[in-house]
Amino acid sequence: MIVFPIVIILSIIIYVYYKFSLLRESDPLIQEIKNAKARIVLGIFMSMFGINQYLFYQTQIALFITIIFLFFGIVQGYGGIKRYLHYKKELRKRNDS
């Protein structure tokens, strides 16, 4: 399963990119949008990391740890998607007026 390590590495790179691009933005709304994108990528990273660890070890303790990582990954991803959609709508409202 070479897919999981590739997704894990790419998600770390994209997460770091979004976090550093936050520092260059002066608009708080754009910062919130980029922070939401970073949370989505963090959720992907946590989920893929948990799945990868279970596939590697395949023990009962690895299963519990995978469930914890999946839970927090899904929470981060879902929260990021909700924030992204909300702030994207706010940005559209601001640009229309």
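Visitor: Is Arg83 buried, partly exposed or exposed?
Guide: This is a predicted model, to begin with. In it, Arg83 is partly exposed, at 29% relative accessibility.

Visitor: What does Arg83 form with Glu32?
Guide: A salt bridge. The closest N and O atoms are 2.9 Å apart. Arg83 sits in helix H3 and Glu32 in helix H2, so the pair links distant parts of the chain, 51 residues apart.

Visitor: And Glu32, how accessible is that one?
Guide: Glu32 has 26% relative accessibility, which counts as partly exposed.

Visitor: How many salt bridges does the count come to?
Guide: Four. One of them joins Arg94 and Asp27, with the closest N and O atoms 2.6 Å apart. Arg94 is in helix H3, and Asp27 is in the loop between H1 and H2, so this pair ties together parts 67 residues apart in sequence.

Visitor: Is Asp27 buried or exposed?
Guide: Buried, with a relative accessible area of 19%. The cut-off for buried is under 20%. Arg94 is partly exposed, at 40%.

Visitor: New topic. At what angle do H1 and H2 pack?
Guide: About 160°, with their axes 8 Å apart. That makes H1 roughly antiparallel to H2. Their crossing is left-handed.

Visitor: What kinds of residues are in that contact of H1 with H2?
Guide: There are 18 nonpolar, five polar and three charged.

Visitor: Last one. Where is Gln58?
Guide: In the loop between H2 and helix H3. Gln58 has a positive phi of about 55°, although it is not a glycine. Gln58 counts as exposed, at 54% relative accessibility.

Note on methods. Residues numbered from 1 in each chain as written. Predicted model: local features only at pLDDT ≥ 70, side-chain atom pairs only at ≥ 80, totals over all residues. Heavy atoms only, no water. Axes fitted to C-alpha atoms, helices over the stretch in contact; angles between N-to-C directions. Helix = DSSP H or I, 4+ residues; strand = E, 2+ residues; numbered from the N terminus. Parallel < 35°, antiparallel > 145°, perpendicular 65-115°, else oblique. Left-handed = near helix turned anticlockwise from the far one by under 90°. Nonpolar A, V, L, I, M, F, W, Y, C, P; charged D, E, K, R; others polar. Buried < 20%, exposed > 50% of the residue type's maximum accessible area, 1.4 Å probe, protein only. Salt bridge = Lys/Arg side-chain N within 4 Å of Asp/Glu carboxyl O.
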